[in-house]
Amino acid sequence: MSSRPVQYDDLFRFATIGDIQPSPEGGCTAFVVSTPDEDADTYHANIWIQRAGEDPQQLTTGKRDNSPRWSPDGKRIAFLSGRNGRDGDAGPQLFVIPVAGGEAQKLTDDLRGASNPRWSPDGEQISLLVTECQPDESTEDLRSALADEEDGADRFSEAQPETELRLAGRLRYRVDGMGYFDDRRRHLYVLPASAQQCADCNGPGRLLTSGQFDVGDYDWHPDGDRIAFLANRDEDADYSMRNDVWQVDLSADDACSRLVHSDGGIWGVSWSPRGEYLAYIGD
């Protein structure tokens, strides 16, 4: 077999595999396959599954499907998708698809910055991180002041978040891969795991946290009545790399309490199988 240097066109023949997720009972694995599209100057992503002893099978057919997560019984997979691809779309939305076959069910319509979906232990709910507008006083003052200027309200309004005029009220006002934060913060969101349940609850879901802080990694307690999460809720949070372990109690009106105060950074949190201990990684 002859060899040759890699050519430009070869790059568009490569598919990459990522976000590998074994099923709860074992014997089946879900993963994301990304392929480049030269004409569109982007990557397309779909979710595939592979059962032991069988060839891989494509499970989803959207162009931007990612973050597959198995339901506790192994019968469904939740995933995020920006499959509509229209200008003005809110962002990736949450879907659920049966592993045995069938159409994906869309559970949300207007989430922004959705990431990190996770099933509750009983499989009845799905949580994820979403970005929500949390305006501070200085931003609102600027909006009011501009409203008095000619065309000011049009140049700086929530209806036109991509305006060139921005107020950076935070030291960390942007990050590569995400862009500008504006007034948005990352918070915990939970919703029923089926469209019918969403209809019965008169809405898709609710925010579990809010305020001028960002939620990092999180984990459901095995009892399903609380969630541990990472956050720095200090006023000067942007000036340090530290964070704490908090929990939100779903059985007590979503009350939040701090479990661990840390002098350093923490990057992972996990309950023990019976919920007696909490492990985290940090310094």
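Modeller: Before you ask, rings of Phe, Tyr and Trp (its six-membered ring) pair if their centres lie within 6.5 Å. Keep in mind that this is a predicted model.

Colleague: Okay, how many aromatic pairs does that rule give?
Modeller: Go by the ring centres, as I just said. Counted that way, the number of aromatic pairs is 2.

Colleague: Take Tyr8 and Phe12: is the pair stacked or edge-to-face?
Modeller: Planes over 60 degrees apart count as edge-to-face. For Tyr8 and Phe12 the centres are 5.3 Å apart and the planes stand at 70 degrees, so this pair is edge-to-face.

Colleague: And Phe79 with Phe95, stacked or edge-to-face?
Modeller: Phe79 belongs to strand β6 and Phe95 to strand β7, so their pair links parts 16 residues apart in sequence. Both residues are buried. Planes under 30 degrees apart count as stacked. Here the planes are at 15 degrees, with centres 5.5 Å apart, so the pair is stacked.

Colleague: Is Ser262 buried or exposed?
Modeller: You'll find Ser262 in the loop between β18 and β19. Its side chain reaches the backbone oxygen of Gly264 at 3.0 Å. Buried means under 20% relative accessible area. Ser262 has 8%, so the word for it is buried.

Methods:
Residues numbered from 1 in each chain as written. Predicted model: local features only at pLDDT ≥ 70, side-chain atom pairs only at ≥ 80, totals over all residues. Heavy atoms only, no water. Helix = DSSP H or I, 4+ residues; strand = E, 2+ residues; numbered from the N terminus. Buried < 20%, exposed > 50% of the residue type's maximum accessible area, 1.4 Å probe, protein only. Polar contact = N/O pair within 3.5 Å; in protein donor to acceptor, adjacent residues only side chain to side chain.
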